Amino acid sequence: MTDARARLDGYPELAEWFEEREDRSETIRDALRLLKAREGADEYDGLDDDQAAAESWLLENVGIGSRSSLTYVENRLAQQLSLDMDQIRERIVKPLEREGYVTIAARIERVDVVVQPPAGGGSGAATSEGAEDASSGRGGRGLSEAEAEVLSEARERLESAEPARADGGESA
């Protein structure tokens, strides 16, 4: 955890305004996000801290172009972010979908989340077909057609691979 401090000596109007803020920590985080975005270094355009953490978790645990059950993703994110399920859906999943970071794909048996390729965020209408359409990504700035094909082939190999047992024994 980083402890950020600011000296507001010589800026009485700013100091007075800051003292009136109810959540000063969030005010500082918002100011830093705004400054970072202005400098063009914001990795997750338009996302707050919880949404960016969720996107990082999705990239690491689900994978680009891969799909996972919406229920599973919401449960894991609720645990990860210490939020209830309604908050996860409203504050995390819907904004990530709106910004093109994920696509919600309705299936016959369940609803899946498809993680889109990282390419700077921004609103883009992504499709719901996973790696086959991963090149559409976020606003069309995702994987090339060749990269999407390699990703699709890798997913097929993973899906057809025999699962390994955690204890090192032979799988069934």
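Helices (H or I, at least four residues) and strands (E, at least two) are DSSP runs, numbered from the N terminus. On that basis the protein chain reads α-α-α-β-α-α-β-β-α along the sequence, with six helices and three strands. This is a predicted model, in which local features need pLDDT of at least 70 and side-chain atom pairs count only at pLDDT 80 or more, while totals for chains, interfaces and linings use all residues. Residues are numbered from 1 along each chain as its sequence is written, and side-chain values use heavy atoms, with hydrogens and water left out.

**Chain totals**
- Of the 172 residues in the protein chain, 29% count as buried, that is, under 20% relative accessible area with a 1.4 Å probe and protein chains only.
- The protein chain exposes about 11500 Å², of which carbon and sulfur atoms supply 48%, as computed by the Shrake-Rupley method with a 1.4 Å probe.

**Packing of H3 and H5**
- Helix H3 (residues 49-61) packs against helix H5 (residues 85-98) at an angle of about 70°, with the axes 9 Å apart; axes are lines fitted to C-alpha atoms over the stretch in contact, and angles run from 0 to 180 degrees between N-to-C directions.
- H3 and H5 are therefore roughly perpendicular to each other, a term covering 65 to 115 degrees.
- The contact (heavy atoms within 4.5 Å) involves residues including Ala-54 and Leu-58 of H3 and Ile-92 and Leu-96 of H5.

**Thr-103**
- Thr-103 lies in strand S2 (residues 102-106), and at 5% relative accessibility Thr-103 counts as buried.

Key. Buried means under 20% relative accessible area, exposed over 50%, partly exposed in between (1.4 Å probe, protein chains only). Angles under 35 degrees count as roughly parallel, over 145 as roughly antiparallel, 65 to 115 as roughly perpendicular and the rest as oblique.
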